[in-house]
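Q: Could you zoom in on one part of this model for me and walk me through what sits around it? I'd like the cut-offs too.

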2 protein chains.
Amino acid sequence: MSQVERVGDLAESVGYLLKQAATALHASMDAVLRPQGLTVSQYSVLELLGHEPEQSNAGLARGAFVTRQSMNEVLRGLQDRGLVARPDVAERGRARPTHLTPAGQAALENASAAVARVEKRMLSPLSTTEHTELIARLIACRDALTGDGAPTG
Amino acid sequence: MSQVERVGDLAESVGYLLKQAATALHASMDAVLRPQGLTVSQYSVLELLGHEPEQSNAGLARGAFVTRQSMNEVLRGLQDRGLVARPDVAERGRARPTHLTPAGQAALENASAAVARVEKRMLSPLSTTEHTELIARLIACRDALTGDGAPTG
DNA sequence: TGACTCATGTCAGCATCCTGACACACAATG
DNA sequence: CATTGTGTGTCAGGATGCTGACATGAGTCA
């Protein structure tokens, strides 16, 4: 009980491995998206809008794990390039739901295909069962951290 | 063959889950490290030095997945607070190997214990076998991305 | 109607990290 | 000795994301 637990070998630390895997994925995504003229953040917005159109700036920020302010910058860039559009005035409230333009839809299809290939390469060493299990484990880890806010020692 | 593969349901995308888990972990680590006066980046350096002392600025940068320039900033902050030390002049070459001071060692022990508790909470839903498997899967995914640099379509 | 709460959008300032560039130290090679 | 290549430290500038603050619009309730 008096033994103080510490982070052990880094090569076997799930936290460190999580960081390594996420960094490697981000780098690989950047490598395939940059030739298409998209950053990872911009692709994330397109993908989010592809799955659920008419999302507000704040909603997209939550989906991409950034602040509203940062998302506003990303949206402005996409809007200037004509990949997304949002009304100048809000129909109701302050939220101005964003949606993909035809050009944005086309860009998303190319980008999503490229990212899917990256994901496929990342998962290539895993069997279908292992793939499914990995999803479940990641969900469990995520929920264990976000669902409970009271460490209490 | 003509069917274009795309990223599927985000809730089951390993990439998206990886990002979610890594973000949740980073936020949880920040929450326990900030009261101790440390950022996640600073903690990373202390942990790296605790596992392998006398590392150069460039070496630490590789270990923490940032550039040498960024790591230099972090090191300067830790040095000003007396948690790490490095010789003013290099004994050999340009590298000035950094090491933990006694104060840094103490800070590391507290921080590492706190982070270990966060990791433990994150892994609490997993059995020992599942924990071990998760490590292996993450390593496989990481290596699949970093080991091969030629997607070639 | 008015007060209160909540979510959203936006502005300003700051922190962090990056890219590009350059100089220095060492090893290998001729 | 001179040249080349690799690794390292550092400076300058810029891109990106964050915290803090404020105003607007909608819903709730007295």
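**A close look at A:V40**

A: Leaving out neighbours within four places in sequence, A:V40 touches A:H26, A:M29, A:D30 and A:L33, where contact means heavy atoms within 4.5 Å. Before going on, bear in mind that this is a predicted model, where local features need pLDDT of at least 70, side-chain atom pairs count only at pLDDT 80 or more, and totals for chains, interfaces and linings use all residues. Residues are numbered from 1 along each chain as its sequence is written, chains are lettered from A and ligands numbered from 1 in the order in which they are written, and side-chain values use heavy atoms, with hydrogens and water left out.

Back to the residue: A:V40 belongs to helix α2 of chain A, residues 40-51 (helices are DSSP runs of H or I, at least four residues, numbered from the N terminus). A:V40 is buried, at 11% relative accessible area; buried means under 20%, with a 1.4 Å probe and protein chains only. A:V115 is 75 residues away from A:V40 along the chain, yet their C-alpha atoms are separated by 9.9 Å.

As for the other copy, chain A can be laid on chain B with an RMSD of 0.0 Å by a turn of 180 degrees and a shift of 0.0 Å along the axis, superposed by least squares on the C-alpha atoms of residues with pLDDT of at least 70 in both. The two copies are therefore related as by a two-fold rotation axis. The same surface serves both, with 98% of the contact residues of chain A recurring in chain B.

Technical notes:
Helix = DSSP H or I, 4+ residues; strand = E, 2+ residues; numbered from the N terminus. Buried < 20%, exposed > 50% of the residue type's maximum accessible area, 1.4 Å probe, protein only.
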